[in-house]
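User: I would like to learn how to read the features of a model with some care. Could we go through one together?

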Amino acid sequence: PFGLDVSQEPLRVQVTVPGPTPEARPITQILLIGKPVEPGSPSRFARLESESSPGVFTVGGPLVAEVSRDPLEWLDRQLLTVDVAQIREMEVISPTG
């Protein structure tokens, strides 16, 4: 009913957080995000994939929007930061010479 069954293909988000102590290993969980809470609502039902966490809760629209982005949108498009005033000369060489 919440859109969280595997057959309904919920959005799966892997989340890793630091352990409870500096010496502890990081904790990784899978968050399943399902149907909207109400038709047209940006908030969605969610639950942790772990069998020990059967409870269903809601996540807000901003989180859903962030994790639903195309993976290429996560890439940093700025390869280099350069003060243009400091450039004196630039040469471009193609792979074919």
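Predicted model: local features only at pLDDT ≥ 70, side-chain atom pairs only at ≥ 80, totals over all residues.

User: How many bridges join strand β2 to strand β3, and do they run parallel or antiparallel?

Analyst: Strands of a sheet pair through backbone hydrogen bonds, either parallel or antiparallel. Strands and helices here are DSSP runs numbered from the N terminus (E of at least two residues for strands, H or I of at least four for helices), and two strands pair if DSSP finds at least two bridges between them. In this case four bridges join β2 (residues 27-36) to β3 (residues 44-48), and the two run antiparallel, with Ile33 standing opposite Ala46 of β3. Three bridges join β3 to β4 (residues 57-59), also antiparallel, where Arg44 has Val59 as its bridge partner.

User: What is the order of the strands in the open sheet, and which of them stand at the edges?

Analyst: The order is β1-β2-β3-β4, with antiparallel pairing in an open sheet of four strands. β1 and β4 stand at the edges with a single partner strand each, so one side of each has no neighbour in the sheet.

User: Which residues make up the largest nonpolar core?

Analyst: A nonpolar core is a set of buried Ala, Val, Leu, Ile, Met, Phe, Trp, Tyr and Cys residues joined through side-chain atoms within 4.5 Å, where buried means under 20% relative accessible area, exposed over 50% and partly exposed in between (1.4 Å probe, protein chains only). Here the six residues are Val13, Leu31, Ile33, Ala46, Val59 and Val64.

User: Is Glu91 buried or exposed?

Analyst: Glu91 counts as exposed, because its relative accessibility is 62%.

Definitions and conventions: Residues numbered from 1 in each chain as written. Heavy atoms only, no water.
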